[in-house]
Amino acid sequence: MPARKNLIRLKASTQQYDWGKSGSASLAARLAKNAINHGFEIDESKSYAEIWMGTHPNGPAHLFDDPSTPLLSLISSDPTFYLGETLVRKWPSTTHIPYLFKVLSIKKALPLQAHPDKGLAEQLQLKDPSNFVDANHKPEIAVAIGEPLSVTSSGTEGGDVLIGDKEAAFTGFVGFRPLEEIKRFLQKVPEIAKAIGDAMLVASFTQHPSSDLLKQLYGALLRRGVEAREEVADSIAKLEQRIKKGGSLGVPDGDELARLVLKVNAQYPGDAGVLATVFFMNFAKLNKGEGIYIGADEVHAYLEGDIIECMAVSDNVVNAAFDSPETLASQINTFVDMLTYTARPVSHWSLPREAYQHSRECRTWKYDPPLEEFVVLGTMLDSTRARTEHLGAVRGPTIGIVTKGKAKIAVSRGNENLELDEGAVVYVPPGNDIHVELLEGRGPDRTGEIWWSCFGV
């Protein structure tokens with residue numbers, strides 16, 4: 001058995017999806033210099049979408065000092081030490097960390113998507129194991145960590161059409177709008193009904209809005225986005241022309257909605273997702289440090305910004321727009337059937353930050369979603385007034401990443417410590433107090449940030 005270690009630097013994984021920011025404009029790429037290291041060089045022509053920190057087989061972490069050794073192998077050598085007795089007893093059949101921790105850098109809309117609950121995930125894996133490699137659910141949270149989009153969006157697709165408040169650092173589509181809002185859009189924006197292609201269904205919904213009729217409407221629109229793509233694209237083109245000629249949508253927040261149509265259609269011209277997001281879903285705008293929670297079977301499509309993301313350990317996703325019709329055709333029916341059709345204001349998905357009870361110096365915030373797999377923490381330090389933090393021990397594993405500044409991290413067991421620059425990732429077994437000292441603040445405010453995900457708080 002290898003010698004036990006209480007502070008382990010990790011070599012994370014990266015994912016290069018085309019919705020990611022390009023080159024050094026991507027926070028994920030800039031952090032990857034230390035999260036990956038080992039010869040990692042940024043290619044300015046490539047998109048860098050995500051950093052993964054966890055044990056999921058699609059992007060497992062390895063030991064930084066021994067890159068051939070997966071973190072999962074180290075954990076499996078002594079699960080009780082590296083995961084904790086609580087976790088081993090709760091899920092005795094696995095030695096995976098129960099969460100997947102990520103940094104995302106988004107330049108354009110991700111596919112319109114939802115993540116299955118456990119029951120559906122099991123069915124999908126049995127039916128299609130090549131695309132659904134695990135049988136777990138995937139509820140997730142997102143916390144904005146980037147600079148305001150008014151500063152950073154010039155490098156994004158459609159970035160000349162700025163959406164959101166001046167301080168917004170992230171935007172995305174989350175959950176369905178209240179039914180009365182959707183009804184109003186259908187009455188005032190005729191291009192939506194034209195794209196849906198079923199006047200009687202639209203009339204039924206506007207007369208008596210319901211979740212069941214919303215499911216039928218949404219399904220009709222998404223299916224026609226695959227089966228009658230040219231007709232849907234024609235409706236969107238006419239709407240775009242009307243907006244560009246100065247035509248009013250005649251609804252509350254119509255100017256913002258019009259700008260959203262232009263922005264999303266510039267990214268995915270003629271895609272049914274343009275209408276399925278802008279007029280059916282809430283538009284979330286997060287300032288830095290604000291978060292949202294997306295439960296299983298909830299519709300969402302992130303649009304722009306840099307975020308911390310954490311989810312139950314899964315890579316299961318079902319898409320319905322913002323991808324090729326060939327890719328989407330086999331997924332649409334599953335997607336339409338799986339959604340909850342919860343239709344509420346955007347505040348329903350807000351995840352407030354709270355004081356962290358194990359923070360000794362009150363410099364760490366907690367984001368605590370309604371699930372058992374993880375809690376996310378954000379430690380905010382300042383070179384002049386708040387250089388240190390002390391986090392009390394928890395009963396499960398902790399992963400941390402330095403996203404700003406240079407810090408020294410020490411643990412209470414084994415007298416182990418590491419000096420870590422931006423992007424460095426660490427793993428801390430349960431039962432360790434964690435002491436953080438900011439060695440070098442960055443930016444005009446000379447600050448530092450470390451983000452953590454942990455079990456057993």
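Q: Between which two elements does the loop that holds Leu-339 lie?
A: The model is predicted: local features need pLDDT of at least 70, side-chain atom pairs count only at pLDDT 80 or more, and totals for chains, interfaces and linings use all residues. Residues are numbered from 1 along each chain as its sequence is written, and side-chain values use heavy atoms, with hydrogens and water left out. Helices (H or I, at least four residues) and strands (E, at least two) are DSSP runs numbered from the N terminus. The loop of Leu-339 runs between α15 (332-338) and β16 (350-351).

Q: Is Leu-339 buried or exposed?
A: Buried means under 20% relative accessible area, exposed over 50%, and partly exposed in between, with a 1.4 Å probe and protein chains only. The relative accessible area of Leu-339 is 7%, so Leu-339 is buried.

Q: How far apart in space are the C-alpha atoms of Leu-339 and Val-299?
A: Leaving aside neighbours within four places in sequence, Leu-339 is in contact (heavy atoms within 4.5 Å) with Ala-114, Phe-176, Tyr-218, Asp-297, Glu-298 and Val-299. Leu-339 and Val-299 are 40 residues apart in sequence, and their C-alpha to C-alpha distance is 6.6 Å.

Q: Within what arc do the buried residues of α7 fall?
A: The buried residues of α7 are Leu-179, Ile-182, Lys-183, Phe-185 and Leu-186. The arc is taken over directions from the helix axis to the C-beta atoms. Seen down the axis, these residues line one face of α7 because they fall within an arc of 160°.

Q: Which helices do the buried residues of α7 pack against?
A: The residues in question include Ile-182 and Phe-185. Their packing partners are α8 (190-196), α9, α10 (211-227) and α12 (254-267).

Q: How many nonpolar residues does the contact of α7 with α9 have?
A: The axes of α7 (residues 179-188) and α9 (residues 199-207) come within 9 Å and cross at roughly 135°. The contact is made by Leu-179, Ile-182, Lys-183, Leu-186 and Gln-187 of α7 and Val-202, Phe-205 and Thr-206 of α9. Ala, Val, Leu, Ile, Met, Phe, Trp, Tyr, Cys and Pro count as nonpolar, Asp, Glu, Lys and Arg as charged, and the others, Gly among them, as polar. By class there are two polar, one charged and, for nonpolar residues, five.

Q: How is α11 oriented relative to α12?
A: Axes are lines fitted to C-alpha atoms, for helices over the stretch in contact, and angles run from 0 to 180 degrees between N-to-C directions. Angles under 35 degrees count as roughly parallel, over 145 as roughly antiparallel, 65 to 115 as roughly perpendicular and the rest as oblique. The axes of α11 (residues 229-244) and α12 come within 10 Å and cross at roughly 130°. The orientation of α11 to α12 is therefore oblique.
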